[in-house]
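Biologist: I am new to looking at protein models. Could you help me read this one step by step?

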Amino acid sequence: MLIKKIFGALILLTMLVLPQTVNAEKTNWYDREYNFHNIRTIILFDATFSPGIDYGGSVGFRSIQDTYAQNARKLKCNVITEAQARKEIGYQIGMNLESLAYSNPVQARQIIIQNAYRIADAWILSNVDRMENTYYIEPAHTVWEQRRETRTYYDSWGNRREEVYYIQVPVTYPPRRVDVTSIQMTLQLFEARTGSVVFARKDVRDREKYQAQNDMLGRIVNSFFEDAGKKIR
């Protein structure tokens, strides 16, 4: 009986601690003709955001980029950051790409892409397409639940005994607000010499938790880099 109580408590605790995923969907495409084993070095461009997305200002931006870069270790190959690529490629072609990145980051990135083959076999672009917090009101509802009861009786020798039994009872829950965090991200792996996409993923997730973007984004990029790493190895 004690073991059953402990087990039940653990299940309840798990349900309370872990956020409930409403929806998680990944759509993949990869070039079946491409030999991923040839990839030894990858340029990891900073993640970008579609217009209108509130990612939490400079602090939120840095936090997301850190999560993104840390999970890239799953690739199990040499990873060059965008900042490092600006220095290396800029040195090779005789341009100050770091200075250009301040005035025209789009142009600086395009120059890196055009010259990526000089220092890498592939590059990765990632964009957060959607990231928002919404909520809905779950109306009041009544459900039948099991309730534990105890009754006392005396056996034929006059000894007092207790018996445990369970009954079904109606339980009414009041209306409640349910917060939902939604995020959609597109991640693409390009071959450096041709500029062709060889692996792409659209990952869409919704979770019943308030402002869970960082955790959800971490899971998205971790999954992508892990799967890409398996192809490379």
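Modeller: Gladly; we will go through strands, then aromatic rings, then charges over rings. Keep in mind that this is a predicted model.

Biologist: Let's begin with strands. How many bridges join strand β5 to strand β8?

Modeller: There are 16 bridges between β5 (residues 122-138) and β8 (residues 176-191), and the two strands run antiparallel. For one example, look at glutamate 132, whose bridge partner in β8 is serine 182.

Biologist: And which residue in β9 does serine 182 stand opposite?

Modeller: That is aspartate 206. Strands β8 and β9 are joined by ten bridges and also run antiparallel. Together they form a hairpin with five residues between them. In the turn you can find glycine 195, which has a positive phi of about 75 degrees.

Biologist: What should I know about side chains along a strand?

Modeller: Here is the general idea: in a regular strand, side chains alternate between the two faces of the sheet.

Biologist: Is arginine 207 buried or exposed?

Modeller: Arginine 207 counts as buried because its relative accessibility is 6%, and the cut-off for buried is under 20%. Now find asparagine 23: it is 184 residues away from arginine 207 in sequence, yet their C-alpha atoms are 6.9 Å apart in space.

Biologist: Now the rings. How many aromatic pairs are there?

Modeller: The count comes to six aromatic pairs. One of them is tyrosine 34 with phenylalanine 36, with 5.0 Å from centre to centre and 85 degrees between the planes. That pair is edge-to-face because the angle is over 60 degrees. Tyrosine 34 and phenylalanine 36 are both buried.

Biologist: What is the geometry of the pair formed by phenylalanine 224 and phenylalanine 225?

Modeller: This pair is edge-to-face too, at 5.6 Å between centres and 65 degrees between planes. Phenylalanine 224 has a relative accessible area of 0%, so it is buried. Phenylalanine 225 is buried as well, with a value of 0%. Ring pairs also link Phe224 and Phe225 with Tyr68 and Phe199 into a cluster.

Biologist: Last topic: which charged residue sits over the ring of tyrosine 135?

Modeller: It is arginine 177, whose charged end is 4.0 Å from the ring centre.

Key: Residues numbered from 1 in each chain as written. Predicted model: local features only at pLDDT ≥ 70, side-chain atom pairs only at ≥ 80, totals over all residues. Heavy atoms only, no water. Phe/Tyr/Trp six-rings, centres within 6.5 Å; stacked < 30°, edge-to-face > 60°. Buried < 20%, exposed > 50% of the residue type's maximum accessible area, 1.4 Å probe, protein only. Lys NZ or Arg CZ within 6 Å of the ring centre and 35° of its normal. Pairing = 2+ DSSP bridges. Helix = DSSP H or I, 4+ residues; strand = E, 2+ residues; numbered from the N terminus.
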